[in-house]
Amino acid sequence: MTTPTTDVYELGSAPPLGHVPQKMHAQLIRPERFGEPQKAFQHEVIDVPEIGPDDALVYVMAAGVNYNNVWAGLGIPVNVIGARQKAGEKEDFHIGGSDASGIVYAVGENVTNVKVGDEVVMHCGSWDIHSPFVKAGNDPMFDPSYRIWGYETNWGSFAQFTKVQAHQCMPKAPHLTWEEAAAPTLVGATAYRMLFGWPPHTVQEGDVVLVWGGAGGLGSMATQLASGAGARPVAVISNDSKVDFCKRLGAVGCINRKDFDHWGRLPDWEDNEAMNTFTAGARTFGRALWDVLGERVSPRIVFEHPGEDTIPTSIFVCDTGGMVVICAGTTGYNADVDLRYLWMRQKRLQGSHFANDEQAYAFNELVLQEKIDPCLSRVFEFDETGECHQLMYENRHPDGNMAILVGAPEPGLREFKAG
Ligand code: NAP
């Protein structure tokens, strides 16, 4: 696109360190474009946001791609722009992007944890750091001010500059390229909270963990985290070509969900014939799990996100006293639970959403220690932002995680040169 002759820098050519230009390139979603991602995102040049006293302005080198901005582009289940306008924000657009690597270019007057020039990755948890609930040491994930940066908040990472709360900035792993570093934090920290944030159901050595979408963004992180903790993750996939990928990450084996057809909502419990069909399907799935393990052990933790299609099976196969932990409903929001299994076998269905600082930092520490592979599968140009979200929307995206080059002029770079 042609760049206006104002204070704006071409993509890939960084301003002098600490110089914040007036304008920036960004990928915008506008309400009139809500729909499939390919059309929802468009390249525009707009003003760089101003930051507040507790914020940092980060020059984005690369942005990670997540499913949340498929939802933002579709305008469902929430119109994120309308929701913010109702809350008093004036912008009639959304800049998505909830993962990034980059360089700190400016900080607010209260900020002490980062400074201009720091190389960082950002987690996407933002909240009112002055809220009495948060200040009292409670989990900020339970504070009403909690918002996902680059989804519920504006000014995400699909732009040259992003505005974040300074506590979101964490050290970038030096061994990773910009695009590798941008890829894993949202899914990784989410998986970390799901697997370690809900005691007593934290992953223990030897536990069987059933991971839905084992080759996807969340699943690739969950498999590595569970395996790293000495557990036995079993990955569910839809194509046998994903087996090697999942095993390389530590899965003890895989189950191909296409071998079964009992998915979807539970029938009426009084319809014996339909219930028997479902139960037979779920039992066959359970036997496939035992075959992978080589013994009749059920998962103590089921790592869920498909939702409506799979929850009945997840509850069925979960071990007595185990937990189904869920962070999404990609296939639908009605979770049918046969309560007989839930109470008689004392199973737990636990909702989970992103992560707090402690959990995001703990995940990042594993990345810094080279214990987590970011599973970067494909790198996109800035103007392919719509395209990579479209692939994700159609479940045609490659295994693992995707990233978009923003300030990084080419893939494979670890260093930064200011203009
Ligand atoms: P992803 O990379 O697309 O992976 C999801 C995987 O789910 C796919 O690879 C697919 O694997 C599997 N899948 C698709 N349809 C399925 C079905 N009908 N039944 C069973 N499995 C199915 O996406 P992701 O990044 O892992 O995110 C998954 C969901 O979690 C999205 O809805 C996202 O918005 C949400 N999420 C929520 C949070 C949070 O904090 N609440 C954080 C991250 C992500 P196969 O086809 O191989 O089975």
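# Close-up views

**View A. Trp155 lies in the loop that runs between β7 (147-148) and β8.** Helices and strands in these legends are DSSP runs, helices being H or I with at least four residues and strands E with at least two, and they are numbered from the N terminus. The structure is a predicted model, in which local features need pLDDT of at least 70 and side-chain atom pairs count only at pLDDT 80 or more, while totals for chains, interfaces and linings use all residues. Residues are numbered from 1 along each chain as its sequence is written, and side-chain values use heavy atoms, with hydrogens and water left out. The phi angle of Trp155 is near 65°, which is a positive value in a residue other than glycine. Is Trp155 buried or exposed? With a relative accessible area of 12%, Trp155 is buried, where buried means under 20% relative accessible area, exposed means over 50% and partly exposed is in between, using a 1.4 Å probe and protein chains only.

**View B. Gln346 is placed in the loop between α11 (339-344) and β15 (348-351).** Although Gln346 is not a glycine, its phi is positive, at about 50°. Gln346 counts as exposed because its relative accessibility is 60%.

**View C. His167 is found in the loop between β8 (161-165) and β9 (169-171).** This histidine, His167, is buried, with a relative accessible area of 14%. The side chain of His167 is joined to that of Gln165 by a polar contact of 2.6 Å, and to that of Asp357 by a polar contact of 2.9 Å. A polar contact is a pair of N or O atoms within 3.5 Å; within protein, one of them must be able to donate a hydrogen and the other to accept it, and residues adjacent in sequence count only if both atoms are side-chain atoms. When residues up to four places away in sequence are not counted, the residues that His167 touches include His123, Trp127, Asp357 and Tyr361, contact meaning heavy atoms within 4.5 Å.

**View D. Of the 25 residues around the ligand, Gly217, Ser238, Arg257, Phe354 and His397 come nearest.** A residue is near a molecule or strand if one of its heavy atoms lies within 4 Å of it. An N or O atom in the side chain of Arg257 is 2.7 Å from an oxygen atom of the ligand, and for the side chain of Lys242 the corresponding distance is 3.0 Å. From the backbone, an N or O atom of Leu218 lies 2.9 Å from an oxygen atom of the ligand. Taken alone the ligand exposes 900 Å², of which the protein buries 90%; accessible areas come from the Shrake-Rupley method with a 1.4 Å probe, and for residues only the protein chains shown count as cover. The elements giving two or more residues to the shell around the ligand are α6 (185-196) and α7 (217-228), and α6 gives the most, with 3 residues. Why does the ligand lie between domain 1 and domain 2? Domain 1 (23-184 + 374-405) and domain 2 (188-351) both give residues to the shell, so the ligand lies between them, with domain bounds that come from an automatic or database domain assignment.

**View E. The peptide bond from Ile76 to Pro77 is cis, with omega near -5°.** Pro77 lies in the loop between α2 (68-74) and α3 (80-86). A cis peptide bond also leads from Pro199 to Pro200, with omega near 5°, and Pro200 is placed in the loop between α6 and β10 (208-211).
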